[in-house]
Amino acid sequence: MIDKAKVVIFGAGDGGLRVHYLLSDEFEVIAFADNDVSKQGSKFLSKPVVAPNEICKLVFDYVIIANIHGESVYKQLTEELSIEKGKIIDYFMSLKFDTRLALLRQIADEINECGVKGSVAELGVFKGEFSKYINRVFPERQLYLFDTFSGFDQKDIDNENKGDFSNSVAGEFCNSDVDLVLNKMMYKENCIVKKG
């Protein structure tokens, strides 16, 4: 099992919520920190909210600044709390996040919290890079994988081009196959391949 980087998110509000969902599986949120005294001592997304001066008592790899006051928070972390600069990530200045995964995780949480029943699907799987995340965030659901697994059909390309819907060409997305995709799935037994 791969060790996850332990993270404290600075900002227990909308920014913190966004960053929480943006983080990949390589990170584990251990706490939120906030300058707002009314939030300290509470929980946010089931994690404790601590005062900034308590961050140094935690074992962490990174502090992610998740609010619009990045410059002043960075100064607070480095000058007042003596946190190493290499351990601080400013969300608004970083490219370490994937918004598609964030949205997927948020949708999955809402679907599960609301008790929505049913299966999930991806239309156009290619090599399964996004499908593997769908499979992971919906471990109890069947995942339908719709794809030709051999690229675009010429008839579809002609229709798309005729309607000026895309500029697809023959040969695109052809270097994929079912086994390649299924081998990326954590819950392979839940996958139903619809090839064609």
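1. Is Cys191 buried or exposed? In this predicted model, Cys191 is buried, with a relative accessible area of 14%, whereas Cys56 is partly exposed, at a relative accessible area of 44%. The count of disulfides comes to 0.

2. The largest nonpolar core has 17 residues, and the members that touch the most others within it are Val7, Ile9, Val19, Leu23, Phe32 and Ile64. At least two residues of this core come from each of strand E1 (5-10), helix H1 (14-22) and strand E2 (27-33). As general background, nonpolar side chains in soluble globular proteins tend to be buried together.

3. The largest pocket holds about 370 Å³ of space, and of the 16 residues that line this pocket, His20, Leu23, Asp25, Phe27 and Arg105 are the closest to its centre.

4. As for where the lining of the largest pocket comes from, H1, E2, helix H3 (99-113) and helix H4 (131-137) each supply at least two residues, with H3 giving the most, namely 4 residues. Sorted by class, this lining is made up of 6 nonpolar, 3 polar and 7 charged residues.

Notes
Residues numbered from 1 in each chain as written. Predicted model: local features only at pLDDT ≥ 70, side-chain atom pairs only at ≥ 80, totals over all residues. Heavy atoms only, no water. Core = buried A, V, L, I, M, F, W, Y, C linked by side-chain atoms within 4.5 Å. Buried < 20%, exposed > 50% of the residue type's maximum accessible area, 1.4 Å probe, protein only. Disulfide = S-S within 2.5 Å. 1 Å grid on protein atoms, 1.4 Å probe; cavity = no way out; pocket = protein on both sides within 12 Å on 5 of 7 lines; lining within 4 Å. Points joined across faces, edges and corners; volume = space filled by probe spheres on them. Nonpolar A, V, L, I, M, F, W, Y, C, P; charged D, E, K, R; others polar.
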